[in-house]
Amino acid sequence: MSAGQQAVSPLITCEHGGNAVPERWRYLFREHESLLDSHLGFDRGSLDVARALARKLRAPLLFGRYTRLLVDLNRSADHPRHFSKFTRVLPAGERQMLDDEYWRPHWARYGQLLHGLPGRVVHVACHSFAPVLHGREREVDVALLYDPARAGERAWCRLLADRIRSVSPDLRVRMNYPYRGTSNGMGQQHRQWFGDECLITVELEVNQALCDREDWTGVVHLLTDTIEWSLHRESSS
Ligand SMILES: [Zn+2]
């Protein structure tokens, strides 16, 4: 990150934080309740990280409390997986209702904050991923997803990864794996309107296997300490 003396405003989001289902939509998931608790329903542990980060950095926090199987807050309006197989088949009026109640307010608030926060916004979107997918183990604990074409994101992620590796060498840190930082998502969609000089947007992905370890709280602290350290280092440079 090379913001010089420019102010830096952290912003934390957690699109897949919860798996609640409002009463009105509960019938959709009858006999599919186990899906709500799986990685398809929400990102387990991601809200722990997001809340801790927002508290530590005194940053605004936007999070989804309802399952992504209603409407996915991290997919653009026209993306094929914006709605899930449970909601894609609903009449247009009901899909509109889901958009208006859940998706639109999240994206609108995010846009307002990007315009309103002073200086360069450093957005951390907190997510988590299943340790095994389609029988293949994902050999990574913490992943940083960014756009390699944006120098600010590239430099900041490198700084974070080096720091995590030096403080906690047993954690496997990777970049743009198991997903690419340029895949469809809320941060990615906003890169087209906000240049590198005014927005850094990174997805912080943690392996859900970490949430089951007894040192999970320690991992959360490590991540929040590292990010706080990097921002402090930046603003005092
Ligand atoms: Zn997610």
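## Notebook: salt bridges, zinc, cysteines and backbone

I started with charged pairs and found that Asp 212 makes a salt bridge with Arg 44, where the closest N and O atoms are 2.9 Å apart. This pair joins distant parts of the chain: Asp 212 sits in the loop between helix H6 (208-211) and helix H7 (216-235), Arg 44 in the loop between H1 and helix H2 (46-57), and the two are 168 residues apart. I checked accessibility too: Asp 212 is exposed at 54%, while Arg 44 is partly exposed at 31%. A reminder to myself: this is a predicted model.

How many salt bridges does the structure hold? I count 13 salt bridges in the structure, and I looked at a few of them.

Lys 56 pairs with Asp 225, again with the closest N and O atoms 2.9 Å apart. Here helix H2, which carries Lys 56, is linked to helix H7, which carries Asp 225, across 169 residues. Both ends are partly exposed, with Lys 56 at 34% and Asp 225 at 37%.

I then looked up a local pair, Asp 162 and Arg 165, whose side chains meet at 3.9 Å, N to O. The cut-off is 4 Å, so this pair counts as a salt bridge. Both residues lie in helix H4 (residues 151-167), three residues apart, or about one turn of the helix. Asp 162 is partly exposed at 46%, and Arg 165 is partly exposed at 37%.

**The zinc site**

Which residues coordinate the zinc ion? I find His 16 through ND1, Asp 43 through OD and His 127 through ND1, at 2.0 to 2.1 Å. Along the chain the donors follow the spacing H-x26-D-x83-H. His 16 lies in the loop between strand E1 (8-14) and helix H1 (33-37), and His 127 lies in strand E3 (residues 120-129), so the pair ties together parts 111 residues apart in sequence.

Are these two histidines buried or exposed? His 16 is buried with a relative accessible area of 3%, and His 127 is buried with 2%.

**Cysteines**

I searched for disulfides and the count is zero. Cys 14 is buried, with a relative accessible area of 0%.

Cys 211 fares likewise: the closest cysteine sulfur to its own is in Cys 14, at 11 Å, which is too far for a bond. Cys 211 is buried as well, with a relative accessible area of 15%.

Most residues other than glycine have a negative phi, and most peptide bonds are trans, so I listed the exceptions I looked up.

The peptide bond from Tyr 177 to Pro 178 is cis, with omega near 5°. Pro 178 is in the loop between strand E7 (173-175) and helix H5 (186-191). Asn 176 lies in the loop between E7 and H5 too, and its phi is positive, near 50°.

His 134 also has a positive phi, near 50°. I located His 134 in the loop between strand E4 (132-133) and strand E5 (136-137), where its relative accessibility of 77% makes it exposed.

Definitions and conventions
Residues numbered from 1 in each chain as written. Predicted model: local features only at pLDDT ≥ 70, side-chain atom pairs only at ≥ 80, totals over all residues. Heavy atoms only, no water. Helix = DSSP H or I, 4+ residues; strand = E, 2+ residues; numbered from the N terminus. Buried < 20%, exposed > 50% of the residue type's maximum accessible area, 1.4 Å probe, protein only. Donors = N, O, S within 2.8 Å, 3.2 Å for Na, K, Ca; no water. Disulfide = S-S within 2.5 Å.
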